[in-house]
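Dear colleague,

I am passing this structure on to you, with some notes on what was found in it. Please have the sequence and the model open as you read.

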Amino acid sequence: MKSFATTGFASAALLMLLCGSTIAFNFNGNDRTVIDTLAWTSDLSEIYSIIERNQIANTTIHLRSVTVFAPHNEAFMKSTKQDNDDEYLPCYHITNVPMKLEQLGKSVFSELDGNPPMWITKKSPEEIYVNQAKVVYHLANYEHNNTFGKPQVLHVIDQVLQPLRMKKNSPQNVYNPNAWEFMESAEYLDLDSYHTNTFLQRVQNLDKKSVFSNQGGHTFFIPVDEVANYPKVRPEKIDVKVIDAHVVPDNVLFLGPTNENEQFKTLAFTDMLKVFASLSKAEEGDKTKYYVSSDTVVGDGVHPTGAVVAEIVKANIPVRNGVVHLISRPLMIVDNTVKQFIESYKDREDSVLHRFYEEIMNSGGDFLEKLNAMPNVTLFAPSNAAFNDQSIQSYLTNRTYIRSLLELHIVNRRLSVDDIVAESIDKRFQVPTEVPRKDLFFNVVTSGKNRTLTLEGGGVNATVVQPNLAATNGIIHIIDHVLGIPSSTVDRKLATDPTLNETNYLGQISSLNDQLGDVQKRFTYFVPRDFAWKRLAIDNPSVHKKLFMPEYSNIARQILERHLIIADKAFTMDDLRKEANNNYNLSVKLPTVRDVSMYIKIKDSVEGYSIEWRNEWIHVHRSDVRCTNGIIHVIDKVLIDDNDIEVNAAITTKSMTALVMVMAQCLVFYYFN
């Protein structure tokens, strides 16, 4: 973010836009001391007031060299006021060394009793955080000497820094503890009534004190004893490796500056066992909740692969050797079945899978029992947001339909993201679901360290938003759409399916796609996938080349029209098969847009459906891809004859010749008459 020196209303509006904040004042032309600047700047009146009321902070800022991290008034409005703010906040926003942003190291010591650190995260020269708070870059690095000639620096920040506080009337004071001392003294600290005794006892019994007392800057995830609606974990499950998985060494991860889903090695990451931790957030009702996930990518006989997620119930607690986050349950421990995992969302109304649980129970609950009986299962579980999609609400009232739909989300084997990636190297990976002839098709997009897994089931594309959740009998992936309930028109499906790019392109340049968004019509479209067009390029490269030339777009359209049926209903492959049976297994007449009397035969086998066109059997790669205005059947060959190009090209040539003759006659008439 750049520094701005402009003034006036226009510049203020520009600063508000660029800084992402309603704070649009600046220090340009200011020549006051830091304390006077706080006093005279209306948007800094709250921090000035608490410094003025605190004798130690007030004396310090008047007499000594300092750096002040000053939250603006909007930050105080967003912060929950506490009775002892005047005691804790003023000195925790001051350090006794004047430092500009470029001089800040990994931490600075505050003036609060015990000098607890404020931790610095530099994501870029212009994106710098102090603990959880972001420095407002255009309001940083204000320098001025105080009245005693001591140099001072002022940085404005967007949140109020929150130090560790003692309980009211605590019989013992705890000053600047490390993570071990934090756990040991938890009964004296203000932790919103959370207790950490169970985890502390396991750390003591297994002699892991050093893990939490190491000097430096680390991140500690400490499970609390019990959180309502979260299943309890047996203490004996917490072994030395599990304890190690709760520490991210050499990284101080406050929630604000940490990239969502970025993976960090834990102390449990060794040659034989590899465990990462990552942070994420989710909107649940009117609240934003934060989570930590431990992902065991290489397990052992005791610790299976997969992710375990815990809610962060109290975040961003600064300690002498890093930051502590209190979490709802221990990480890395897998002791629930897939059924129990889903049932754990029963009473958590705003939680990510509560609607999924409700839909299962509304459909009879048999689905959970089926999950429980499967020794190795992968469940693709739609999130709350997926079920709240307005476009699918009418489908949710049909309980019979939903009951059959649920099984589209089950695969009868364990599939982690790594498994899917490995299977997808040479081909687009597909696996059968518990619905006969309904497969899931996967696509993995890698960008740097990030991998995005998408899948299609029943014509619906979904993205995995939370992968690899581990259970004793399988793996759960949370997805952002309900599979099998169409939400796209035929044209949008073509535009978003990564395997139908070529047909979509030809439909665009020939304008055929323009009609495929019409929700008043019903389309049945036999769509050649990209593989089919590549096959045509090998079998007949000249024909393929011509079809993709813009001047032949009218021919491309005619060929695509052979694949398209417009009728009063869309036809599934089973509809067509029944029609063939009614016709004594002979051909089915298809009223395609191009060929009034096109006939195909239908064959149903273990491998799926095939259609016969002009004495050649063509595999239906994906059948019954449902859209809001029709059905797509993805096929492995283009329905084309060589003379499609030759005849049309001859017609085009004759037309062009006739046109040239007419133009020549016109020119002769013009010049000689």
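The lining of the largest pocket in this predicted model divides into 17 nonpolar, 9 polar and 9 charged residues. The space in this pocket comes to about 1,200 Å³, and of the 35 residues that line it, Gln 162, Asp 192, Lys 314, Ala 315 and Asn 316 are the closest to its centre. At least two lining residues come from each of α5 (73–78), β13 (287–298) and β14 (306–319), and β14 gives the largest share, with 8 residues.

The second largest pocket, with a volume of about 880 Å³, has a lining made up of 10 nonpolar, 15 polar and 8 charged residues. Of the 33 residues around the second largest pocket, those that lie nearest its centre are Asn 261, Gln 263, Asp 295, Arg 451 and Pro 467. Several elements each supply at least two residues of this lining, among them β11 (264–265), β12 (274–284), α17 (417–423) and β20 (450–457), and also β13 and β14, while the largest share, 6 residues, is that of β21.

Is Lys 438 buried or exposed? Its relative accessibility is 19%, and because buried means under 20%, Lys 438 counts as buried. If neighbours within four places in sequence are left aside, Lys 438 is in contact with Leu 408, Pro 432, Thr 433, Ser 623 and Asp 624.

With best wishes

Notes
Residues numbered from 1 in each chain as written. Predicted model: local features only at pLDDT ≥ 70, side-chain atom pairs only at ≥ 80, totals over all residues. Heavy atoms only, no water. Buried < 20%, exposed > 50% of the residue type's maximum accessible area, 1.4 Å probe, protein only. Contact = heavy atoms within 4.5 Å. 1 Å grid on protein atoms, 1.4 Å probe; cavity = no way out; pocket = protein on both sides within 12 Å on 5 of 7 lines; lining within 4 Å. Points joined across faces, edges and corners; volume = space filled by probe spheres on them. Helix = DSSP H or I, 4+ residues; strand = E, 2+ residues; numbered from the N terminus. Nonpolar A, V, L, I, M, F, W, Y, C, P; charged D, E, K, R; others polar.
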